[in-house]
Structures are given as C-alpha cells and as structure tokens.
Amino acid sequence: MEKKTLRIGVVGLGQIAQMEWLPYLHELGEYTLCALCDVSSSLVKQMAKLWNVPGMYTDWREMLKNERLDALVVLTINHTEICVAAAEAGLHLLIEKPLCDNLEQAELIRQAVVENHVTLMIGEMKRYDPGYLLGRNLIRNMKGLKLIRFRDYCDGLRRSQDEIMQVQIASDVPELLREKNAREHREAMIQLTGGRDPALVETLLMGGVHDVDLLRDICGEPEKVDYCDIWNHGADLLAHMTVKNGARAVLEVGKTQHKWFDEEIIAYGEEATVSIRFPNPYLKNAPTRVVIKEHSGTGYQERELTVSYDEAFRRELLHFYDCVVNKKLPDTCIEEGTADIRLIQRIFSAYRQGGKEEIE
Ligand SMILES: NC(=O)c1ccc[n+]([C@@H]2O[C@H](COP(=O)([O-])OP(=O)(O)OC[C@H]3O[C@@H](n4cnc5c(N)ncnc54)[C@H](O)[C@@H]3O)[C@@H](O)[C@H]2O)c1
C-alpha cells in the first residue's frame, strides 16, 4: 500500500522556518509542502520558489479557505487565533514552542483541538533529541538524585546565525501589523504576570521554556517553587524548586550575546553525576553529548556517549507524522505545553512574593 503523505501548509517564514522546518518538510517523504503564508509577500515568493511550493498567501485565512490541507505548521510568534481557526477547519497542528503566551489562550486552543478531534503537537524539539533521551533515562533511573541544574545561557544565536545560514529578513511587513503582533504578545504576557512588567517573563517564556519543559519531563511537576530571582529587566533568572523525593532543581536562564552555546543539564546523584550538553541547535547533526562520572575501583571514570547524529527537528517531524497517521498522542501534546506555561506562572508568582511562591 502506498504511504500516505500529509499535505502541509506553513504560516510564518522567518528564522526558524528557513533554518529548520522548510528544509526538513521538503526532504521528508512523509510530507508534501502545498502552501506557504507570511505577511511579507516577498518572503512568500522567495520561499515558494526555493522550495517549489505552489500555494502562496499573505493571509492565513485565505490559505485555509483555498487549500486542501491535512495539517498546518505554525511558526509565528502569536499562535492562538491561527491555531483555533485551523483546528475548526479540521487541520492537525504542529506549532513552534511556546504553545502560547498565557493559560487563557492555552484553554482556547485546547477547546478547539478537543472539539474538532485534531492532533496538536508542540515543537519542543529537544524532547526528540536522541542524546537528551539517553541522558534523561539515566537521570530518571539514577540512585539518590540530590540536585539537578538546568542552565541555559545562550540567547546569542543571532550572532552565529549568519555563519551558518543567510536567513532572508522580510523588509515589507507593514509597520502597523508588526506593532499589532508585538502589542498582542506583550498584553498576553502581562496577563501571565498578573499585571506586572511582561519583559520579566519574556526570556523564560521564549527561550527558557525549553528548559522548563525538560525539567518537567525529567523531574515531573515540581512540588514547590522555593525561590525565584529575576534581574537585568528580565534578561536573567534563577529559580530553585523542590522536586520528587525531596531533590532540588535549579533553573538558570539568561539572555547573552555570547557566540558560544551554553545549555546543559547536570544531575548529581549518590553515586554518579550525569550531564547532558546541548549543541547550538542550528548546527545540523551536531550531537548532544552525555557525560557520566562514576566510581571505578578506588578511582573514578568519566565517559562521554554520543548516541546519534540524527536531528531533533527531523525526529519531531517523524513523530508528528506517526501521531497523525496512527492517531497517537504526541509526547509534546497540548497538556504538556499548558503545564509548561503553568510552571512559568508559578515561577513568576514566587518572584512576585519576594522570591517565595504563594501557597494557595
Ligand atoms: N525550537 C527552537 O529552538 C526555536 C528557535 C527559534 C524560534 N522558535 C520559535 O519559532 C517561532 C518563530 O520564531 P522566529 O525566530 O522564526 O521568528 P521570526 O520573527 O523570524 O519569524 C516569524 C515570521 O512570522 C511572520 N508572521 C507573523 N505574524 C504572521 C501572521 N499573522 N500571518 C502570517 N505570517 C506572520 C513574520 O512576518 C515572520 O516572517 C516562535 O514561536 C519562536 O519561539 C523556536
């Protein structure tokens, strides 16, 4: 029997679309790229020509009306309105992280997804990274976990980006629309912070959400957010949490202009230390390294494991295909994305309380 290919539309043709999604959607036999949409018409034309895509749109509503699609890949910053309309049109959804900007939006998306029986997967690509999966399982099974640190000090990707790939920047996006998008994003974050400065959660929501998601994946929901400090107008954050079996988790997230990539999970157990070291995600096929330190005789040994050169972005696309075709729940389903936003809200609530979480 011939394998079904999913007919795909993509909304948002910016950095991440050009660096990761369009090349893999084009390469994988599981998908047919049918239509592209961006508010920048020049970007739509360039990308449609580059990837040989017939459908070109500057309005996603027109795309939903005119095209016969199975699924929509959403790569904009504000996803809610697009996701709700696409789910109501019966399309499966693969959307870039974060799911949205607050819990109210998450609920709107959830209702549309449930009522229309479509699959929604969040592009938390690190959850499909083979090196991460090995390290995660080692940590989940490690004896006597005491402390686990999640460090992400690497927002300087734009500094290395030009050497990796020349991304086409849209110069014809109407200023009013740009302002409207930014305003909506800001207002949604104000709601997340209970009326406080949205800049205080932006770094955590846009970049640190990867680490919040991995923390939950490895440790489960934290029992308590003990402490949170945010400084440099939201550019840096440190949070301390109590997780399963009384272990402590520390989250360190910061915006830097460093060219180097600095994202690592380190777990300290009774008998071993396990580190998961992530590479710059735009370096294609660069493996995530897992380093284990443990006792050996009277000394100790350090081993580094490389599991695979496979790409997390490619693997998440294969997982999405499997979930849609075989009606499975994605590992990064809507409940997971919602739980990430809920934890971000808890972390911020701890900050608001002068460091400590409010206990309901
Ligand atoms: N997984 C990762 O590591 C990773 C890395 C970077 C970005 N992201 C996520 O990807 C998403 C996009 O980020 P980016 O860096 O590519 O942003 P970007 O600003 O470079 O691109 C967004 C594109 O969407 C277009 N757009 C905005 N609103 C639109 C609308 N209503 N209709 C059609 N087009 C619209 C813009 O014109 C722009 O071209 C964000 O959710 C971000 O968090 C994920």
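Predicted model: local features only at pLDDT ≥ 70, side-chain atom pairs only at ≥ 80, totals over all residues.
User: How do the side chains of D217 and R127 meet?

Analyst: The general idea is that side chains of opposite charge can pair when their charged atoms come close. A salt bridge is counted when a side-chain nitrogen of Lys or Arg sits within 4 Å of a carboxyl oxygen of Asp or Glu. D217 and R127 form one, at 3.4 Å from N to O. D217 belongs to helix α10 (residues 209-219) and R127 to the loop between β6 (120-123) and α6 (130-140), so this pair ties together parts 90 residues apart in sequence. Helices (H or I, at least four residues) and strands (E, at least two) are DSSP runs, numbered from the N terminus.

User: Which parts does the salt bridge between R151 and E264 tie together?

Analyst: First the distance: their side chains meet at 2.9 Å, N to O. R151 is in strand β7 (residues 147-153) and E264 in strand β11 (residues 263-268), so the link ties together parts that are 113 residues apart in sequence. R151 counts as buried at 19% relative accessibility, and E264 is buried at 11%.

User: How far apart in helix α8 are E184 and K180?

Analyst: An α-helix has 3.6 residues a turn, so residues three or four places apart point the same way. E184 and K180 form a salt bridge with their closest N and O atoms 3.0 Å apart. They are 4 residues apart in α8 (residues 175-192), which means about one helical turn separates them. E184 is partly exposed at 31% relative accessibility, and K180 is partly exposed at 33%. Elsewhere, salt bridges that share partners join R127, R136, R140, D213, R216, D217, E221, E336 and D340 into one network. A search of the whole structure finds 29 salt bridges.

User: Which residues of helix α2 are buried?

Analyst: In α2 (residues 41-51) they are L43, V44, M47, A48 and W51. Seen down the axis, they fall within an arc of 125° (taken from the directions from the helix axis to the C-beta atoms), so they line one face of the helix. K45, K49 and L50 are exposed on the other side. The buried residues pack against α1 (15-27), β2 (31-37) and β3 (55-57).

User: How do I read the packing of α8 and α9?

Analyst: Two packed helices are described by the angle between their axes and the distance between the axes. Axes are lines fitted to C-alpha atoms, for helices over the stretch in contact, and angles run from 0 to 180 degrees between N-to-C directions. α8 and helix α9 (residues 199-206) pack at about 100°, with axes 9 Å apart. The two are therefore roughly perpendicular, a label for 65 to 115 degrees; under 35 is roughly parallel, over 145 roughly antiparallel and the rest oblique. H185, M189 and L192 in α8 meet V201, E202, L205 and M206 in α9, where a contact means heavy atoms within 4.5 Å.

User: Where is the cis peptide bond, and which residue has a positive phi just after α2?

Analyst: Most residues other than glycine have a negative phi, and most peptide bonds are trans. The cis bond joins K97 and P98, with omega about -15°; P98 is in the loop between β5 (92-96) and α5 (103-115). Just after α2, N52 takes a positive phi of about 55°. N232, not a glycine either, has a positive phi of about 50°, in the loop between β8 (224-231) and β9 (236-242). N245, with phi near 60°, is in the loop between β9 and β10 (248-254) and counts as exposed at 75% relative accessibility.

How values were computed. Residues numbered from 1 in each chain as written. Heavy atoms only, no water. Buried < 20%, exposed > 50% of the residue type's maximum accessible area, 1.4 Å probe, protein only.
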